[in-house]
Amino acid sequence: MVIGSNAHRPLGWSIRRSLARLCFLMIALLGSKSINAEEMPLVTDLFGPQQIIVASEVNGARSVYGSDLDGDGDLDVLSASSDDGKIAWYENLGGGAFGPQQVITTEAIGATVVYAIDLDADRDVDVLSASSSGNKFAWYENLGNGSFGSQQIISSAAATDYFQAIDAADLDGDGDIDILSSSCNDGKIAWYSNSGHGSFGSQRLIALLSCPRFAYARDLDGDGYADVLSASGNDNRMFWYRNLGDGSFGPQQVIATTAAYPPVFAHITDIEGDGDFDIISAYPSDNKIVWHENLGDGSFALEQVVTTATTNLRTLSAADLDGDGDADVILVSGLHGSEQVVWYENLGAGTFGSQSIITATIKGAVSLYTADFDADGDTDVLSVSVFDQKIAWYENDGSGKFGEQQVLTGPSVNEPISVYAIDLDGDADADVLSASSRDDKVAWYENLGGDVFGPQQVITDQAVYVKSVYAIDLDGDGDADVLSAEYGQISWYENLGGTFGAQRAITTDVGGGTSPSVFATDLDGDGDADVLAAAEIVYENAWTGSITWYENLGDGRFGPQEIVTTAVRGSPSIYAIDLDGDGDADVLSASYLDDQIAWYENLGGGYFEPQEIITTAVDGPTNSVYAIDLDEDGDADVLSASGEDGKIAWYENLGATFGPQQVIGMEAMSGASSVYATDLDGDGDADVLSALSNDDKIVWYENLGRGHFGPQQLITISANGASSVYAADLDGDGDADVISASLFDDKIAWYENRFNSSVQYSIQTTVIPTQGGRIQCLPNPVEHGASGTCTATPTSGYTLTHWSGDCSGTAITCTLSNITSAKAITAHFATQDLTATQSAERYVPGMLLTVTGQFNDRSGAVAQSLGWVPELPSGWEVVSAVGDGQPQVNNNSILFTGNLQLPIDFRYHISVPITASGAASLRAQVRYQSDAMINPITLTAAPDPLVLDQHPIDRHSADYGDPGWQIDLDEANRVLAYWRAQAYHSNPAGLDGYAPGERQWTTGQARTRTPDGTEPSLQTSQGASPDAYTAGRPLTITNAVGQTGDAPILSLIWTPTLPSGWAITEVSGEGAPELSPEGDAILFSANELSLPLRFSYQVQVPITASGPQAITAALQYHRAGMRNPTPANVQALSLTDASNRDIGECSTNETFLAVTIIGSVHQAFSSEVGIRIIDTGMLSSGAALTLRAPRILFSPDAFHVARGGRLHATAAAVTCSPTARETIDAPTTAAPRRQVKAASRD
């Protein structure tokens, strides 16, 4: 249904759900847009805080592991979830029962892998994780009894994504556990040496591959050292690296396979029981599981097939499931909605039995783990599934038969996309109904009264990719039944009195596509609720759509599909209401592919007029539409929300026509996803509600009367990926409360409407130091909208230095006006003899910030102790201090340990994170004691706060997609060279804001000479496909760059010189080629440039081109050791005119032609004098005719070219070669006449 639905996701959602491409260049110098106060939305407390009805315990579950974490002898469960950044554990309580989730960290955003092993040699099991946000491999110390320390980063030097892996083993033979990792984006297989007690060295590279999919450490050659197994994602190979015993590794050794695609998963175990490690691997592209026998000394046999009866392989493991002592194979197979965890029995001698099902109650399984979780001596199975957000286990009875799924995590909702409220259990209060698309659930939550909702009650989990939900009485029994729109189907669920019947299809024919919206009302005037649905369909790679309705025949039966319209292209939102005042329900739609709001007049009896467009002034996706009387004239006006332009707009009903668009609110790219209207402030008119998905906001706009609206007012900014909004009285106090669904935090929540209650706000007061004085605020608390005055009174010997918080300035009194939220104020006092100040220049992200401080006590007392405690923005860190009093840094605090000879002048240095941007505030608390004081006092350094601006440095980027960043080609080439040499840093003092590193060309420098001692040189080539151009047609130029030797190339620019009027239209190939804004040069922006490098670009040849042409090119490149770019020679490419090549029959006289060509036939004629087309002729579809002469004439209405036929006529000089001349050339006094008829043999 339209109300509270977001069936089509706006721009940016998939990017946020998955990981965006990392901007690798000049991130330290990125600026930020400041926001003026008048641009900020109004924030009020007229709605209560977010109250969660349901939220998933794990959001984006990705990995599980089993280990004894609390030292009680049984296996607990570890999990990693990517979207909420959680690493968590569940205590094994014995007997197969598990305790509640215990969170270790929420700082692993993008977590994909979790692992457990003792890293600090203290005999308990620590935890490892890999996460894509920040490219982190990290560990968490087990502090005993199941408590864990904070995140300790091992490395952030791996460009990670979904295909990342970690393993742990002693790789250097020193007796402690080292870390092995693989990361797809940068292609690295690397390891990190454990220096003892859980401290790790820097990244040590084993190999660079093309997107390695996994990395395992096992002794594959039987020499006692852990070797490394991996596979390359793009060159279809699996291989291993021999550990040479000291943490160094031998060359790559390929494991032979006949597979056409790379393995995505692998597992190492002993398959045939001979004591060495064999390899099992999964090939999803071939739907195949195979294994390779270890023949000893690390050589492997060709693969043997376990099964080819798989679909959509997800994950792979192996363990003895039937208690016969050999390793069976476990995996996940099946499409969404039909996934299964299955296993294949090892029959011995490397053969496997048929498939046995462990469970089919799973959606989106991404990880398996096997262990004895109930301590009964057999191997149980643990799974994690991302679509239904479940961590579950399956008890093994010892013979390979498994019990029902037992879920460890609480109720979940995965991507809630639609929400509605209505009384579902007949107790006269509004219950909440939801649809969540990723777990296929339609569920409801009972309103228990007192602002409390009951647990999730699932109506169905078989509504595949459900998009919309609605409730109304469909069977005439007086209670609200439930409707859902899902993939290929519209369904309903009979209300049996607070419980619901099975899913019943109203239709399974929505044109082969998805139904994103459903609604129900009486469309044919017979008094019952008919069903209205939208469909979006892909047909022959084109999006179409329709709006249909289904007559309610009574008793829950529905008639066949009836078309309202097919004139929509993607319609995520529909609604029905009387728009023309004739008493029946007309249909309203929003369609996002054609950016239209339209309506369809109901003619009675369920017949509808054709589409009437209300507006096209919306920039899609247009996600939501609704209608209600907004201007109090008695008819229903139209509301819309459109995602890309961020518009909330309305259209006045003028009586069966509609006025122009009137924008209520607009925030570009805010992702306006849902719109609804009702009276929120109790003044009798309809206010407007909206969900903004990209801004995570639920907002409202007050109706000021007659269609005028106030500014945006925030209800919450904590609805991450807000997808749906609705309003109903949930707490029974007579006003409309707000309900929201949000996709990315998997939450359904509500917000109490407080308009009808007397709201008071407290003023919280703080005094620094506490003995410095007191604050009195009158009144306190304060009525909504009223004012309060606060007075600061210093104690003897102190003075007020300033206010902070919601008060500012240095006056004794502070007045807070029009209070609409709770306030907090702080009065800062100091003794009249004490001063503490600090100052700093503007900061640069990724650099050190120097802060200058001074402290003095003019009373003449002797200083005994002094501490300076900066209050820093998140991620900032004090790293050093110098100056008077021997300042020492400890945990972001500065303690003066030397002789405190006043005044104290010092400097401290702050490491500013690379991600810092915009204005930043810096405070400092000073703790001081003199010989005249019984106890130390605390004062605040002035100014409070010290506001720092970001240093204004020009931004730079090698990404030509951002026209706002000005950077020329030579500069981009130089920056890329620095960056690839890992020798780049920002330099605020430089004109361009950056500079090479001090050791830019020495650290890790590769050879710059060939094996014979000569300097390496570049080798280039360019060619054309086809090898001759055709005027008016595109031409592809293919190029290659190679070299002698193996010195790495740090940057390349290829600058073609084209004939006049020729233009490059696109580039493609290796090295991530990009076309400059001017379109005249090609820059390569890949992370690494590997030679040989092949790329191509397409040229549009002008219609006027003729004769021989040439393309030359200039090449500039940087190599390690070069200070400046170096040019290289590129041989010119000569091109011929294809029309001259295919000159066909050629006459030295004027030629008269009567031409008819049918079928796939190409004819060509040329003349040195001229060509005339006479009589009636034609070219059919597929036929081609080429004419070339100094002049070409066509008789009027004498020639027809059918669709699909091609006529190419060029007026240009022609010289007939002797072999091309016609044998029928006539004397110059008689022009030749030709009758041409041709047909293909097809």
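A salt bridge here is a side-chain nitrogen of Lys or Arg within 4 Å of a carboxyl oxygen of Asp or Glu. Arg504 and Glu494 form one, with their closest N and O atoms 3.4 Å apart. This is a predicted model: local features need pLDDT of at least 70, side-chain atom pairs count only at pLDDT 80 or more, and totals for chains, interfaces and linings use all residues. Residues are numbered from 1 along each chain as its sequence is written, and side-chain values use heavy atoms, with hydrogens and water left out.

**Overall make-up**

- The protein has 3 helices and 106 strands. Both are DSSP runs numbered from the N terminus: helices are H or I with at least four residues, strands are E with at least two.
- Of the 1242 residues in the protein, 55% are buried. Buried means under 20% relative accessible area, exposed means over 50%, and partly exposed lies in between (1.4 Å probe, protein chains only).
- The protein exposes about 50,200 Å², and carbon and sulfur atoms supply 48% of that area. Accessible areas come from the Shrake-Rupley method with a 1.4 Å probe; for residues, only the protein chains shown count as cover.
- Take the contacts (heavy atoms within 4.5 Å) between residues at least 6 apart in sequence: 50% of them join residues at least 24 apart.

**Salt bridges**

- The whole structure holds 13 salt bridges. Side chains of opposite charge can pair when their charged atoms come close.
- Arg504 is partly exposed at 33% relative accessibility. Glu494 is partly exposed too, at 25%.
- Salt bridges with shared partners join Asp221, Arg242 and Asp297 into one network.
- Lys363 pairs with Asp440, with 3.0 Å between the closest N and O atoms. This pair links distant parts of the chain, 77 residues apart: Asp440 is in the loop between strand 38 (431-436) and strand 39 (441-449), and Lys363 is in the loop between strand 32 (351-359) and strand 33 (365-371).
- Both Asp440 and Lys363 are buried.
- Asp186 and Lys188 also meet in a salt bridge, at 4.0 Å from N to O. Asp186 is buried, with a relative accessible area of 14%. Lys188 is buried as well, at 14%.

- Strands count as paired if DSSP finds at least two bridges between them.
- Strand 51 (residues 596-600) is joined to strand 54 by 3 bridges, and the two run antiparallel. Trp599 has Glu612 in strand 54 as its bridge partner.

**Nonpolar cores**

- A nonpolar core is a set of buried Ala, Val, Leu, Ile, Met, Phe, Trp, Tyr and Cys residues joined through side-chain atoms within 4.5 Å.
- The largest core has 110 residues; Leu433, Val482, Leu483, Leu588, Val688, Leu689 and Ile698 touch the most other members.
- Leaving out residues up to four places away in sequence, Leu588 touches a set of residues including Ile574, Tyr575, Ile597, Trp599, Ile614 and Val638.
- A second, separate core of 50 residues includes Leu800, Val878, Phe906 and Leu939.

**Backbone details**

- Ile768 and Pro769 are joined by a cis peptide bond, with omega about -10°. Pro769 is in the loop between strand 67 (763-768) and strand 68 (773-778).
- The Asn780 to Pro781 peptide bond is also cis, with omega near 10°. Pro781 is in the loop between strand 68 and strand 69 (782-783).
- Glu415 is not a glycine, yet its phi is positive, near 60°. Glu415 lies in the loop between strand 36 (406-407) and strand 37 (416-422), and is buried at 2% relative accessible area.
- Asp696, also not a glycine, has a positive phi of about 60°. Asp696 lies in the loop between strand 60 (687-692) and strand 61 (697-705), and counts as buried at 16% relative accessibility.
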